[in-house]
Amino acid sequence: MLLCLYLKIYFLFTAMIQKYICITGASSGIGQALAEHYSQKPEYTLLLSARNQESADILASKFPNAEIYIADFSQKDSWTHFAQNLMWKNILSCILAAGTGKYGAFGDMKTSEISEQMQVNTTSPLEIVHSCREAFQKNNTKIVYLSSVVADMPLKNMSVYWASKWAMNYALGRISEQYPALSILNLHLGAVQTPMHITSGMGEMKGRKLEDVIPKIIFAIEHKQGNRWIYPDWFLASYAMWPILKIIFSLKQLWKKY
Ligand SMILES: NC(=O)c1ccc[n+]([C@@H]2O[C@H](COP(=O)([O-])OP(=O)(O)OC[C@H]3O[C@@H](n4cnc5c(N)ncnc54)[C@H](OP(=O)(O)O)[C@@H]3O)[C@@H](O)[C@H]2O)c1
């Protein structure tokens with residue numbers, strides 16, 4: 001009984017003094033590359049999420065010193081349990097990199113695919129932030145969300161993915177206003193070469209190489225807050241042109257109508 005109490009206090013105490021970097025979606029793409037970067041820094045302990053036991057075993061062999069939790073972010077119980085694990089820990093950055101996309105016409109999508117995208121990309125990160133906000137505020141945890149170019153400029157056949165990222169952009173903006181003491185970094189990323197484009201059904205995509213983008217993401221995590229854009233340069237140029245293009249499109253529509 002006394003030993004149990006001692007161990008409990010010991011683990012609680014070490015969890016409070018250790019500095020954690022939490023990364024969701026660490027089994028692939030951007031999350032995995034960030035986990036590789038932070039695993040080289042002995043001053044941090046990695047806290048990683050894996051969707052299932054198989055992914056957890058792979059992560060455990062890659063990152064033997066990390067704490068690994070199984071969390072399927074399409075399942076409410078799963079993300080609620082994951083959030084409870086974060087509350088007692090001194091987390092320096094909570095990088096919400098788990099995400100999913102489905103490419104295709106809205107009508108061709110199964111309803112389960114619609115809910116999965118909304119839950120993984122929007123509801124679960126929102127609820128994690130909600131549950132942990134006091135702890136995050138106390139520990140000055142930086143909440144990092146990976147938003148997308150798609151949320152700023154909707155692309156064809158990505159309606160649900162767009163909605164999930166767009167909703168998060170606005171929610172995080174309003175949360176920042178209501179809780180200025182919360183440190184939030186919302187990264188708007190252009191296309192990056194990761195397995196996501198294949199799993200989403202888009203196929204191979206031209207985009208920046210992961211190794212070119214990761215240093216920019218790390219720099220933003222370590223030095224920036226609020227909304228930050230990491231687009232390819234050509235996109236920034238066309239993004240600046242967007243209001244002008246919109247006026248041209250509207251004039252074209254008017255011309256067709258009358
Ligand atoms: N790549 C891009 O061009 C791009 C651009 C803008 C924004 N982003 C965003 O960046 C984030 C990372 O994307 P990525 O390109 O690195 O994609 P990725 O390689 O497909 O990685 C996605 C990660 O999310 C995890 N995940 C998916 N569904 C999950 C679920 N239900 N429960 C738990 N984990 C789940 C995956 O786990 P499994 O390995 O088990 O599937 C994987 O670890 C996403 O939020 C994405 O929207 C990506």
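I started with the sheet: seven strands, open, order 3-2-1-4-5-6-7, paired in parallel. For the bookkeeping, strands (E, at least two residues) and helices (H or I, at least four) are DSSP runs numbered from the N terminus, and two strands pair if DSSP finds at least two bridges between them. Strand 3 (67–70) and strand 7 (226–230) are the edges; each has a single partner strand, so one side of each has no neighbour in the sheet.

Before going on, I noted that this is a predicted model: local features need pLDDT of at least 70, side-chain atom pairs count only at pLDDT 80 or more, and totals for chains, interfaces and linings use all residues. Numbering runs from 1 along each chain as its sequence is written.

Next I looked up strand 1 (residues 20–24) and found five bridges to strand 4 (residues 91–96), running parallel. Ile-23 sits opposite Ile-95 of strand 4.

Then I checked what covers the sheet. Helix 5 lies across strand 4 and strand 5, at about 165° to strand 4. Angles here run from 0 to 180 degrees between N-to-C directions, with axes fitted to C-alpha atoms, for helices over the stretch in contact; contact means C-beta atoms, placed from the backbone, within 7 Å.

I found 28 residues around it, with Gly-25, Gly-29, Gly-99, Thr-194 and Met-196 the closest; near means a C-beta atom, placed from the backbone, within 6 Å. Helix 2 gives the largest share of that shell, three residues.

Notes: Two residues are in contact if their C-beta atoms, placed from the backbone, lie within 7 Å.
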